[in-house]
Amino acid sequence: MVTRLLYAFSVLLAFLFAPSATAQSAGELISADPVVETPGGAQAWRIRYWTTSEEGQRIEATGMVVAPREAAPRQPRKIVAWTHGTSGVVEECDLSDKPGFFDFTPGLSEMISAGYVVVAPDYPGLGSPVQHAYLVGRETARSVLDAIRAARAIAGAYAGTEFVVWGESQGGHAALWTAREAKSYARELNLVGTLAAAPPTDLGKNLSQASDANARAFLTAFVAYSWSKRFDAPLDKLFGPLNRGVANALAQKCISLESDPKLGTLLGILSIRNALAGKDIARIDGWSSLIRRNSIKPGDVPGPVYIAQSVEDSLVAPQVTLEFARGLCRRGRSVQYDSLPGGDHPRTALNSTVQSLAWIADRFAGRRATGNCGQF
């Protein structure tokens, strides 16, 4: 009872002495709207909160917080920050307000049953009126850490400071960057492990070596649109006038796992693919520095780390991920690397849920991470 009262008192103090809304402090909760229809045993809030752009400006972001629907726990709850894969690069491509959110978050019911709080940020520009910085590491990481801070201000969530971050595809990149930034940006939080499913790491290699040329072209269009809008990167060095328009049109589309792309989208992808033939974005002025700046290096990621990668993934080149994992091992990190059969990129996290949840439980229990370096 004393522990619960102390926790409630600390939350009250945070509200009483928090900076005013006009101060727009990073991690400050703007609103937490309860979600009516939630999975059994869960309660949820769609949140709006403040975070920090790469340039240091305060910007608004959105997300979802899901917690067990039960009496206050004896100790603050552990947190799993779930960072989702690519959904698009424009405001309406956020996931937290979509009907399928709960279904498309892997292991959600198991995490709630285990007593965790799940914090799922949308990333700035998805659900908020700023330009989404697609695959921009530092800004995305800050939005994840600030979402955790905001979740801790929700009294009914009882969220503590200990967390893991688990992400897939774009979210795998986000998870690794969150691990990189956690200690310097949010020292009050305690990261105990990082999970990355099919993560883009070396962005230049990922955009050039993926075996599915159509998917590679589509994602390059996302990068081109986002970075040209966000950083004024020179779109004319990638495309002529026609394909600049095509890239902009493709970037207005949100990705859905429930439907196949329409004919117009397929034709646009083919046009972009032809325009990129023989070009390496990592070697083009105005783009190469951004590629390098937002690639994640093994030496920047603390351990322990869990990585899942399908051996025939056609979007994130398996060899690039493998090289990254080996780089972590060379730097003395504890790494668990799981090779999954097939090439089901958008379900890599789902296909490794059992392993991931067991790994998370071990981290929260304080068990020593051994890893399997030397076996891959």
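A: Let us begin with a loop: P304 lies between α9 (288–294) and β8 in this predicted model. The peptide bond that leads from G303 to P304 is cis, its omega being near -5 degrees.

Q: How much confidence does the predictor place in the chain, and where does pLDDT stay under 50?
A: The protein chain has a mean pLDDT of 93, and 93% of its residues reach 70 or more. Over residues 1–23, however, pLDDT stays under 50, and for this stretch the model has 20 contacts beyond four places in sequence.

Q: In what order do the strands of the sheet stand?
A: Strands of a sheet pair through backbone hydrogen bonds, in either a parallel or an antiparallel sense. Here 9 strands form an open sheet with mixed pairing, in the order β1-β2-β3-β5-β4-β6-β7-β8-β9. Its edge strands, each pairing on one side only, are β1 (29–34) and β9 (335–340). On average, and with direction ignored, neighbouring strands are turned by 20 degrees against each other.

Q: In which sense do β4 and β6 pair, parallel or antiparallel?
A: Strand β4 (residues 77–83) pairs with strand β6 (residues 159–168) in the parallel sense, over 6 bridges. Within this part of the sheet, V80 stands opposite V164 in β6.

Q: Which strands does helix α3 touch?
A: Helix α3 (residues 137–151) packs on the sheet and touches β1, β2 (42–52), β3 (58–68), β4, β5 (117–121) and β6. The direction of α3 makes about 130 degrees with that of β2. Another helix, α4 (residues 170–185), lies across β2, β4, β6, β7 (190–197) and β8 (305–310), and runs at about 145 degrees to β6.

Q: Which value of phi does Y123 have, and is Y123 buried or exposed?
A: Phi of Y123 is near 80 degrees, a positive value in a residue other than glycine. Y123 belongs to the loop between β5 and α3. Y123 counts as buried because its relative accessible area, 0%, is under 20%.

Q: What is phi of A198, and where is A198 found?
A: A198, also a residue other than glycine, has a positive phi near 45 degrees. A198 is found in the loop between β7 and α5 (203–209). With 0% relative accessibility, A198 is buried.

Q: Which residues does T348 touch?
A: T348, found in helix α11 (residues 348–351), is buried, with a relative accessible area of 0%. Leaving aside residues up to four places away in sequence, T348 touches E168, A197, A198, A308, Q309, S310, D313 and L340.

Terms used. Residues numbered from 1 in each chain as written. Predicted model: local features only at pLDDT ≥ 70, side-chain atom pairs only at ≥ 80, totals over all residues. Heavy atoms only, no water. Pairing = 2+ DSSP bridges. Helix = DSSP H or I, 4+ residues; strand = E, 2+ residues; numbered from the N terminus. Axes fitted to C-alpha atoms, helices over the stretch in contact; angles between N-to-C directions. Contact = heavy atoms within 4.5 Å. pLDDT = per-residue confidence, 0-100. Buried < 20%, exposed > 50% of the residue type's maximum accessible area, 1.4 Å probe, protein only.
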